[in-house]
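Biologist: Hi, could you walk me through this model? I'd like to start with the strands.

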Amino acid sequence: MEVVIDKQYPVAAGLDAAWAVLSNINELATCMPGASITEQLDERHYKGQVRVKVGPAVAAFAGSIEVLHLDAARRSLKMVGKGADKAGSSASMELEAVLLPAEGGRCTLQGQARVIVSGKFAQFGGRMMTSVSDMILSQFAETFSQKAQALQGTASVADTSGAQASPATTAAPAAAKELNALGLLWAMVRNFFAGLFGKKKA
């Protein structure tokens, strides 16, 4: 099953700070809920994992990441990630992202994700997979914006003082929380009924 999501997200920081996060794969991975880099093989290839919590149980998906394109001039990135669990289910995602200037000294993260799943994930259906993928990317964009904003704040303090800001002055935001499948499912049910009642009122 294949799902394609094309979205734009506001970033509460300028292009330079946002690009510093986008071009740092180790830092970028921490924006994705439950994801982490476990090993860097070279400048383009990484190993990682995604942890998914379903109630008290935690499942780990091991996989790989390959950076296909990284353009500092266009501030664009293209990468592909593949992973599988021990039960034989697999997923892959090809991500293209570019940073665009926005008003007020901020920028916009424009991205397209092509997700392909097999095994038990394919049983959920296209509509549910799209909703889950959309929520995950929204969490990713929120954490990305926070990291870029914190980095820009650190640079501003350094420029003002004429020296590097201490880590205690502007602490970087925490990584995205572990992916909670039950939380995502509840959010989907809530959004479904909210849309249903909204249509009735109209």
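**Strands and core**

Modeller: Happy to! S6 and S7 run antiparallel and are joined by 12 bridges; strands pair if DSSP finds at least two bridges between them. Helices (H or I, at least four residues) and strands (E, at least two) are DSSP runs, numbered from the N terminus.

Biologist: Before we go on, what are the ground rules here?

Modeller: This is a predicted model, where local features need pLDDT of at least 70, side-chain atom pairs count only at pLDDT 80 or more, and totals for chains, interfaces and linings use all residues. Residues are numbered from 1 along each chain as its sequence is written, and side-chain values use heavy atoms, with hydrogens and water left out.

Biologist: Thanks! Which residue takes a positive phi in the hairpin of S6 and S7?

Modeller: Gly104, with phi near 70°; the hairpin has 5 residues between the strands.

Biologist: New topic: where is Lys147, and is it buried or exposed?

Modeller: Lys147 sits in helix H3 (residues 126-161). Lys147 has a relative accessible area of 7%, so it counts as buried (under 20%; exposed is over 50%, partly exposed in between, with a 1.4 Å probe and protein chains only).

Biologist: Which residues have the most contacts inside the largest nonpolar core?

Modeller: Val11, Leu22, Leu28, Leu99 and Phe144, in a core of 36 residues. Such a core is a set of buried Ala, Val, Leu, Ile, Met, Phe, Trp, Tyr and Cys residues joined through side-chain atoms within 4.5 Å. H3 gives the largest share of this core, 8 residues.
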